[in-house]
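Colleague: I would like to learn how to read the features of a model such as this one, feature by feature. Could you take me through the general idea each time and then the case at hand?

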Amino acid sequence: MNNPGLPELEQTARAYEERLVPALFQDVAGHLAEAANIHAGQDVLDVACGTGVLARTIARRYETAGSVTGLDLNPGMLAVAQSQAPGIDWQQGDAESLPFQDHSFDVVVSQFGLMLFPSPELALQEMYRVLRKKGALLVAVFDSINRVPAYKAMSAVFARVVDPAVGQALQLPFSLGDTRKLTSLFTSAGISAPGIRTLEITARFQGAREMALADIKGWFPFADIQLDEPTIDSVVAEAELALEPFRTDAGTIEFQVPVHILSAAKL
Ligand SMILES: C[S@@+](CC[C@H](N)C(=O)[O-])C[C@H]1O[C@@H](n2cnc3c(N)ncnc32)[C@H](O)[C@@H]1O
């Protein structure tokens with residue numbers, strides 16, 4: 001999909017919302033929203049909000065929040081976010097150049113975006129810049145793929161059946177799992193001594209096919225990865241074997257995913 005239009009972007013975003021959010025992202029949003037501990041009247045920004053699961057969770061949980069804003073680069077993601085929660089302020093923009101004045105928000109949150117930015121350091125600087133004094137920054141990233149064997153197995157399936165580059169693409173979301181590297185990113189962005197907590201969430205897919213399709217339909221097209229039906233069938237056949245260790249008696253695929261939550265207060 002070279003230069004996809006809004007309908008194509010929105011179609012992929014809808015698949016992301018239906019296939020990936022409930023299986024993987026929703027539980028983390030609950031943890032981050034709780035950790036954010038927002039008070040009445042506070043203004044909140046969700047950077048790389050995607051289809052908006054975290055911003056929505058925060059808006060629902062803290063009805064007295066002053067405002068909740070979600071920002072993402074991808075207009076398809078924002079179209080789905082808008083359809084899910086029209087009351088939130090959804091804005092298109094780049095995490096590395098946030099379209100907000102200094103000191104605009106009391107809380108800035110971001111889940112599973114940092115590893116996708118060309119310069120995570122610049123994005124952190126921006127998140128810190130738009131925070132008010134004593135404001136809170138909370139960022140969630142996946143642990144390394146070696147600690148998420150189900151995705152390591154799927155990366156190997158895509159590399160074998162499709163192309164090594166596609167296997168590599170599946171590793172990118174897990175590329176900031178090293179906590180020392182994360183701490184030094186924060187430090188170079190001028191944010192000293194972030195707190196780090198690692199929690200384990202349970203990923204749940206209806207089956208191996210659904211787990212494979214979540215990536216194939218829910219974000220591969222954003223990375224210009226298009227698979228035809230025979231290739232998808234081959235991937236699913238291999239995924240059924242590779243994901244056997246994670247199959248429950250009920251036939252679902254379930255596994256633990258360690259997630260690092262980094263937090264810092266603005267001095
Ligand atoms: C894995 S999704 C996470 C979305 C959402 N936070 C969630 O938890 O479902 C990553 C998001 O980062 C967005 N993104 C990637 N690069 C970006 C950038 N430079 N600025 C803003 N958003 C970006 C993508 O469009 C995508 O919506």
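Colleague: Leaving aside neighbours within four places in sequence, with which residues is Val108 in contact?

Modeller: This is a predicted model, and contacts in it are read from C-beta atoms within 7 Å of each other. On that reading, and with neighbours up to four places away left aside, Val108 is in contact with Leu45, Val47, Met127, Val130, Leu131 and Leu137.

Colleague: Which residues touch the most other members of the largest nonpolar core?

Modeller: Val108 is one of them, together with Leu32 and Met154, in a core of 93 residues. The largest share of this core, 14 residues, comes from H1.

Colleague: Why does Val53 count as buried?

Modeller: Val53, which lies in helix H2, counts as buried because it has 29 C-beta neighbours inside 10 Å. Apart from residues up to four places away in sequence, Val53 touches Val21, Phe25, Gln26 and Ala29. For Val53 and Phe25, which are 28 residues apart along the chain, the C-alpha atoms are separated by 7.6 Å.

Colleague: Which residues are buried in helix H3, and what covers them?

Modeller: Within helix H3, residues 75-84, the buried ones are Gly76, Met77, Leu78, Val80 and Ala81. Their cover includes H1, strand E2 (67-72) and strand E3 (89-92).

Colleague: Turning to the ligand, which residues come nearest, and which helices supply its shell?

Modeller: There are 19 residues around the ligand, and of these Ala48, Gly50, Leu73, Asn74 and Ala95 come nearest. Helix H1 (6-36) and helix H2 (53-61) each supply at least two residues of the shell. Sorted by class, the shell around the ligand has twelve nonpolar, four polar and three charged residues.

Colleague: When two helices pack, what should I read, and at what angle do H5 and H9 pack?

Modeller: One reads the angle, the axis separation, the handedness and then the residues in contact. Helix H5 (residues 149-161) and H9 pack at an angle of about 140°, with their axes 10 Å apart, and H5 passes H9 in a right-handed crossing. On the side of H5 the contact is made by Ala153, Met154, Ala156, Val157, Phe158, Arg160 and Val161, and on the side of H9 by Thr231, Ser234, Val235, Glu238, Ala239 and Ala242. By class, this contact of H5 with H9 has nine nonpolar, two polar and two charged residues.

Colleague: Where is Ala242 placed, and is Ala242 buried or exposed?

Modeller: Ala242 is in helix H9, residues 229-242, and Ala242 is buried because 21 other C-beta atoms lie within 10 Å. Not counting residues up to four places away in sequence, Ala242 touches Ala153, Met154, Ala156 and Val157. The C-alpha atoms of Ala242 and Lys152 are separated by 9.8 Å, although the two residues are 90 residues apart along the chain.

Colleague: And which residues does Ser155 touch?

Modeller: Ser155 also belongs to helix H5, and it is buried, with 23 other C-beta atoms within 10 Å. Beyond residues up to four places away in sequence, Ser155 touches Ile145, Gly167, Leu170 and Gln171.

Colleague: Finally, how do I read a positive phi, and what is the value for Phe112?

Modeller: The general idea is that most residues other than glycine have a negative phi. Phe112 has a phi near 65°, a positive value in a residue other than glycine, and Phe112 is found in the loop between strand E4 (105-111) and helix H4 (120-129). Phi of Ala193, also positive, is near 45°, and Ala193 is in the loop between helix H7 (179-188) and strand E6 (195-205). As for burial, Phe112 is buried, with 20 other C-beta atoms within 10 Å, whereas Ala193 counts as exposed because it has 9 C-beta neighbours inside 10 Å.

Note on methods:
Residues are numbered from 1 along each chain as its sequence is written. This is a predicted model: local features need pLDDT of at least 70, side-chain atom pairs count only at pLDDT 80 or more; totals for chains, interfaces and linings use all residues. Helices (H or I, at least four residues) and strands (E, at least two) are DSSP runs, numbered from the N terminus. A residue is buried if 20 or more other C-beta atoms lie within 10 Å of its own, exposed if 12 or fewer, and partly exposed in between; C-beta atoms are placed from the backbone. Two residues are in contact if their C-beta atoms, placed from the backbone, lie within 7 Å. A residue is near a molecule or strand if its C-beta atom, placed from the backbone, lies within 6 Å of it. Ala, Val, Leu, Ile, Met, Phe, Trp, Tyr, Cys and Pro count as nonpolar, Asp, Glu, Lys and Arg as charged, and the others, Gly among them, as polar. Axes are lines fitted to C-alpha atoms, for helices over the stretch in contact, and angles run from 0 to 180 degrees between N-to-C directions. A crossing is left-handed if the near helix is turned anticlockwise from the far one by less than a right angle, and right-handed if clockwise. A nonpolar core is a set of buried Ala, Val, Leu, Ile, Met, Phe, Trp, Tyr and Cys residues joined through C-beta atoms within 7 Å.
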